[in-house]
Structures are given as C-alpha cells and as structure tokens.
Amino acid sequence: TGNMRDYENPQTSGSTPAPWLNSQVQDGSNFSKITALVIENGITGIGDYAFSRMTGLTTLEVPGSVKEIGAYAFWGCNNLSSITLNEGLETIGESAFRTIYNMKEQTLNIPASVTTIAPYAFEIFQCKGYSVSAGSTSFKAIDGVLFSADGKTLVRYPTEKHVDTYQIPEGTEVIGVSAFELAPFSSVEFP
C-alpha cells in the first residue's frame with residue numbers, strides 16, 4: 001500500500017530502473033517480458049518510470065486508490081490497447097502515457113477526479129478520442145477533443161480524429177503544449 005517509489009529512465013547509462021526491468025536492460029532484449037500487471041487497491045501513487053517500456057502489456061486498470069501517476073510511468077508501453085483510469089485519480093504526470101500506439105480504436109475516459117494533466121502526458125498517444133466523466137470541474141471533452149473545464153485551454157486533440165479542417169471552438173484562448181502532436185488534419189481555423 002502507499003506510494004511506489006520513483007525510478008530512473010531505463011535507457012540511461014548508470015540509471016536505477018525498476019527492479020523488474022533490470023535483467024532485460026542488461027541483455028539488450030525487450031525491456032520487459034511481462035504481459036500482465038496488477039496494481040492492487042491501496043497503492044496511492046505510481047512512481048516515475050515505474051512501468052515504462054513494458055512492451056508486453058496490453059491492458060491496464062488503475063484502481064481508484066491511485067491518486068497520482070508519475071512522469072513516464074507507462075511511457076513506451078506501446079501495445080496497450082485498453083486503459084481504464086478509475087475515479088480517485090487526481091494527477092497524470094508528464095509523459096505518463098507517451099508513445100502508446102494501440103488505442104487507435106478506443107476513447108480514453110478521464111475520471112472526474114482528475115485535476116492535473118501535465119504537459120506531454122498523452123504525447124504520441126494514438127486514440128480516437130477523449131471523454132471526461134460527469135462532474136469534472138477541471139476537464140471536459142468536446143467532440144472527443146480534451147479541454148479545460150472552462151473551455152479556454154485545448155489540452156489534447158486525438159490522433160485518430162480525422163478531419164480536413166479543425167475549427168477551434170469559440171472561447172478557446174490557449175493551445176496546450178503538444179496538443180496537436182500527430183493531429184490528422186491539414187488546417188486549423190481559429191474563432
């Protein structure tokens with residue numbers, strides 16, 4: 001129970017990666033042969049780089065006891081095709097879900113309890129859209145695009161929402177960092 005510790009980038013020489021990644025890093029093979037991950041209820045924080053590069057994972061469920069997902073926690077888990085974030089989660093760290101390729105047919109739901117999504121949290125995260133649970137005071141989705149609850153900040157445009165021209169909604173004042181990374185449109189119209 002409690003918070004997991006933070007780890008270091010497993011690709012950095014001399015770093016201290018998560019212990020379940022050590023042998024894989026040393027022999028140069030995939031960073032992990034692990035195909036299933038159980039995060040038990042009672043864990044309150046997932047540390048930085050905790051499960052990064054676990055390319056064998058296909059599904060992930062983060063229990064409601066987890067309040068924070070650390071930076072790069074699931075970076076490079078590129079075979080994830082199902083991600084469930086439960087109510088209780090408050091913070092999604094920088095690049096936490098960076099480089100996820102197999103959510104192309106899925107919509108990622110952001111729980112109402114999430115108050116902070118760090119820059120690059122969903123960079124190179126391929127999905128068809130975002131939704132936000134009812135009752136959120138921090139975020140909302142408009143046609144699958146993730147915005148701040150007041151609609152003033154466009155947080156993330158989904159990589160699989162194909163349009164020729166995207167019309168930014170009236171009232172949008174800020175385009176978030178990396179919001180349009182890999183966006184599949186040819187032009188943008190501002191209000």
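Entry 1, the sheet. I looked up the strand order and found an open sheet of 5 strands, arranged β1-β2-β4-β6-β8, with parallel pairing. Strands here are DSSP runs of E with at least two residues, numbered from the N terminus. I took two strands as paired if DSSP finds at least two bridges between them. At the edges I noted β1 (2-3) and β8 (116-117); each has a single partner strand, so one side of each is left without a neighbour in the sheet.

The model is predicted: local features need pLDDT of at least 70, side-chain atom pairs count only at pLDDT 80 or more, and totals for chains, interfaces and linings use all residues. Residues are numbered from 1 along each chain as its sequence is written, and side-chain values use heavy atoms, with hydrogens and water left out.

I checked β6 (residues 91-92) against β8: the two run parallel and are joined by 2 bridges. Ile-92 stands opposite Ile-117 in β8.

Most residues other than glycine have a negative phi. I noted Tyr-49, not a glycine, with a positive phi of about 60°. Tyr-49 lies in the loop between β2 (43-46) and β3 (59-62). Its relative accessible area is 16%, so Tyr-49 is buried (under 20% relative accessible area; exposed is over 50%, partly exposed in between; 1.4 Å probe, protein chains only).

I located Thr-99 in the loop between β6 and β7 (100-110). Thr-99 is buried, at a relative accessible area of 13%.

Definitions and conventions:
Helix = DSSP H or I, 4+ residues; strand = E, 2+ residues; numbered from the N terminus.
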